[in-house]
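Welcome! Please take a moment to look over the model before reading on.

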Amino acid sequence: MVSIAVKSGHANVAMLGIGAYRPQRIVSNAEVCEILDSTPEWIYERTGIRNRRWISGDETLRSIAAAAGGRALRNSEVDPAKIGAVILCTSSWLKLTPHGAPTVACDIGLNGVPAFDLTSGCGGFGYGLGIAADMIRSGSAEYILVIGAETMTVGLDPTDRGTAMIFGDGAGAVVVGPSEENGISPTVWGSDGENAEAIAQDVDFLEYMERAQRLQGTDPEVEKVGRMSLHMQGPKVFRWAAVTLPRALASAIELSGVSKDDLEVFVPHQANARINDLMRKNLGLADDIPMANDIENTGNCSAASIPLAIEEMLVTGKAKGGQLALLLGFGAGLSYAGQVAVLPPAPVEPSF
């Protein structure tokens with residue numbers, strides 16, 4: 001029988017560099033409330049958000065993803081010629097064809113490498129990080145650029161109290177590669193398709209096209225077609241998170257082989273400050289462990305939120321490169337992905 005070759009790679013992998021891009025426009029709660037029926041105080045009390053970033057001018061998902069990816073490369077000091085793949089974690093790329101990663105890779109100067117999109121909602125970065133680590137361990141690539149980038153506001157209904165105040169835009173990226181000591185644990189991940197509609201678009205692409213065709217020639221106002229907007233059943237998502245995520249976090253710690261007392265930083269997805277506080281309490285983490293709170297001035301940036309939050313903690317000194325962090329992303333799907341990971345060095349080229 002013919003024997004098919006098997007590749008092997010590096011057992012020990014880590015995040016070697018991080019980069020981010022934060023859109024120029026800062027949108028306060030007061031500005032959101034010019035359209036949304038709410039108050040700045042109520043928004044902060046319910047979500048922990050004071051401001052968020054929205055794209056403006058010539059900023060696009062493509063441009064911010066490339067900017068974050070380029071910064072991660074430069075901060076890692078890895079030769080771009082050694083990058084063996086690009087993973088773009090996003091739910092915001094506006095076309096199914098062509099998908100975004102090849103274009104973004106080309107913009108960064110990495111044309112020709114394997115490049116693919118990964119769509120897993122707010123847990124996308126955790127999925128991307130886990131896949132990148134496993135690809136390197138299997139020998140599929142030596143160094144991989146993982147980008148989490150979102151322009152959530154493009155499809156946002158500014159009158160929807162469940163989403164308009166929460167989401168923001170931004171991009172974060174890491175270079176993953178071999179290291180002397182292992183810096184990324186096996187990934188704990190899962191999904192709950194039974195409750196997937198708790199975070200969903202109001203119509204699919206076919207329904208949207210049919211709606212547009214029905215109105216064609218009968219109504220001169222394009223707005224009448226409506227938006228393909230994202231909607232969320234907040235209480236249902238909160239209940240799911242309260243039950244599912246503490247178990248996921250405990251499993252991530254157990255699978256990593258480290259103890260809870262070894263953890264030095266907690267970086268949960270920046271979805272809601274109340275959910276994060278609840279997870280920290282239920283897990284029994286020490287009060288003095290720094291916890292990411294980038295949501296306060298960045299909002300929920302879906303698949304970009306964890307790398308953005310890590311970068312903010314490193315730049316401000318709330319965390320340091322080399323510290324052991326517990327990561328967990330969660331959201332649409334309903335899905336989640338988490339790891340214990342060693343934080344990369346603080347960026348020489350920060351986003352702010």
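What follows is a short tour of aromatic rings, charges over rings, and an annotated domain.

This is a predicted model, in which local features need pLDDT of at least 70, side-chain atom pairs count only at pLDDT 80 or more, and totals for chains, interfaces and linings use all residues. Residues are numbered from 1 along each chain as its sequence is written, and side-chain values use heavy atoms, leaving out hydrogens and water.

Let us begin with the rings. The structure holds one aromatic pair (rings of Phe, Tyr and Trp, using the six-membered ring of Trp, pair if their centres lie within 6.5 Å; planes under 30 degrees apart are stacked, over 60 edge-to-face, the rest tilted). Tyr127 and Trp189 have ring centres 5.1 Å apart and planes at 40°, so the pair is tilted. Tyr127 belongs to helix 5 (residues 124–138) and Trp189 to strand 8 (residues 188–191), so the pair ties together parts 62 residues apart in sequence. Helices (H or I, at least four residues) and strands (E, at least two) are DSSP runs, numbered from the N terminus.

Two arginines also meet rings here. A charge sits over a ring if NZ of Lys or CZ of Arg is within 6 Å of the ring centre and within 35 degrees of the ring normal.

| Charge | Ring | Distance from ring centre |
|---|---|---|
| Arg50 | Tyr44 | 3.7 Å |
| Arg161 | Trp42 | 4.6 Å |

Finally, an unreviewed UniProt entry annotates residues 255–340 as "domain: Beta-ketoacyl-[acyl-carrier-protein] synthase III C-terminal"; such annotations may be inferred rather than shown by experiment. Over residues 255–340 the chain is 34% helix and 21% strand, with its end C-alpha atoms 9 Å apart.
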